[in-house]
Amino acid sequence: MTKRTYQRDNLIVHWDSSRCIHSGRCLRGLPEVFDLQARPWVQLEEAESDAVTATIETCPSGALTYERVGGQPEQTPDVPTITPHPNGPLHVRGYVEVRDVTGAVFDAGPRMTLCRCGHSNNQPFCDNSHREAGFKDRARVISPERNDAQHPPPAT
Ligand code: FES
């Protein structure tokens, strides 16, 4: 597991390799900044801060996060959402805390990919083991019969 911090002027970028699921969105979104051939692989001076933050916000796993120097954390939706990726993890968007069985905060962040196949070696986060395991969700979580989950009946 590798954790790194990169900083330029008003921007601090955090990288946590243990959370990365290699979606490649950073590499495709801003290749002049996120360059696996460069050392360090994050070259913040190659783009404006707003472009860097916009690209980081596309990172589904939260392996990349940022903060502005002097305040202003990453803006997140008021209401977190959890969206299943077909045959893959649950994508969490919006600041959430993950707690252990004692209720202690285990991790927290604005984006996460949580394992739902049960095969990850990095629980509760996805590590792409679902691919090797051949996980198939059979679309249960997106079937029309499950739409009532968005509008649960009132408590009686
Ligand atoms: S969903 Fe990716 S490892 Fe389980």
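Me: Where does Asn 128 lie?
Reply: Asn 128 lies in the loop between β7 and α3. Helices and strands here are DSSP runs, numbered from the N terminus: H or I with at least four residues for helices, E with at least two for strands. This is a predicted model, where local features need pLDDT of at least 70, side-chain atom pairs count only at pLDDT 80 or more, and totals for chains, interfaces and linings use all residues. Residues are numbered from 1 along each chain as its sequence is written.

Me: What is phi of Asn 128?
Reply: Near 75 degrees, a positive value in a residue other than glycine.

Me: Does Asn 128 count as buried or exposed, and why?
Reply: Asn 128 counts as buried because it has 20 C-beta neighbours inside 10 Å. The cut-offs: buried is 20 or more other C-beta atoms within 10 Å, exposed is 12 or fewer, partly exposed is in between, with C-beta atoms placed from the backbone.

Me: And Asn 87, what is its phi?
Reply: Asn 87 is not a glycine either, yet its phi is positive, about 55 degrees. Asn 87 sits in the loop between β5 and β6. Asn 87 is partly exposed, as 15 other C-beta atoms lie within 10 Å.

Me: How many residues lie between the strands in that hairpin of β5 and β6?
Reply: Five.

Me: Staying with loops. Which residue does a cis peptide bond join to Arg 39?
Reply: Pro 40, with omega about -5 degrees. Pro 40 is in the loop between α1 and α2. Another cis peptide bond joins Gln 123 and Pro 124, with omega about 5 degrees. Pro 124 is found in the loop between β7 and α3 (129-133).

Me: Switching to the overall fold. How many helices and strands in the protein?
Reply: Three helices and seven strands. Along the sequence the pattern is β-β-α-α-β-β-β-β-β-α. Of the 156 residues, 23% are buried.

Me: What is the order of strands in the open sheet?
Reply: β5-β6-β7, with antiparallel pairing. Strands count as paired if DSSP finds at least two bridges between them. β5 (81-84) and β7 (105-114) are the edges, each with a single partner strand, so one side of each has no neighbour in the sheet. Neighbouring strands are turned by 25 degrees against each other on average, direction ignored. Axes there are lines fitted to C-alpha atoms, for helices over the stretch in contact, and angles run from 0 to 180 degrees between N-to-C directions.

Me: How many bridges join β5 to β6?
Reply: Four, and β6 covers residues 90-99. Thr 83 has His 91 as its bridge partner in β6. Ile 82 stands opposite Val 92.

Me: On to the core. Which residues of the largest nonpolar core touch the most other members?
Reply: Val 13, Ile 56 and Leu 64, out of 20 residues. A nonpolar core is a set of buried Ala, Val, Leu, Ile, Met, Phe, Trp, Tyr and Cys residues joined through C-beta atoms within 7 Å. β2 (11-16), α2 (49-56) and β3 (64-68) each supply at least two residues of this core.

Me: Why does this core lie between domain 1 and domain 2?
Reply: Because domain 1 (3-73) and domain 2 (81-150) both give residues to it. The domain bounds come from an automatic or database domain assignment.

Me: What does Leu 64 touch?
Reply: Val 13, Trp 15, Cys 26, Ile 56 and Cys 59, leaving out residues up to four places away in sequence. Contact means C-beta atoms, placed from the backbone, within 7 Å.

Me: Where does Cys 59 lie?
Reply: In the loop between α2 and β3. Cys 59 is buried, with 24 other C-beta atoms within 10 Å. Cys 59 and Arg 25 are 34 residues apart in sequence, but 6.2 Å apart in space, C-alpha to C-alpha.

Me: Last one. Which residues of α2 are buried?
Reply: Val 52, Thr 55 and Ile 56. Down the helix axis they fall within an arc of 100 degrees, so they line one face of α2. That arc is taken over the directions from the helix axis to the C-beta atoms. Their cover includes β2, α1 (25-29) and β3.

How values were computed. Contact = placed C-beta atoms within 7 Å.
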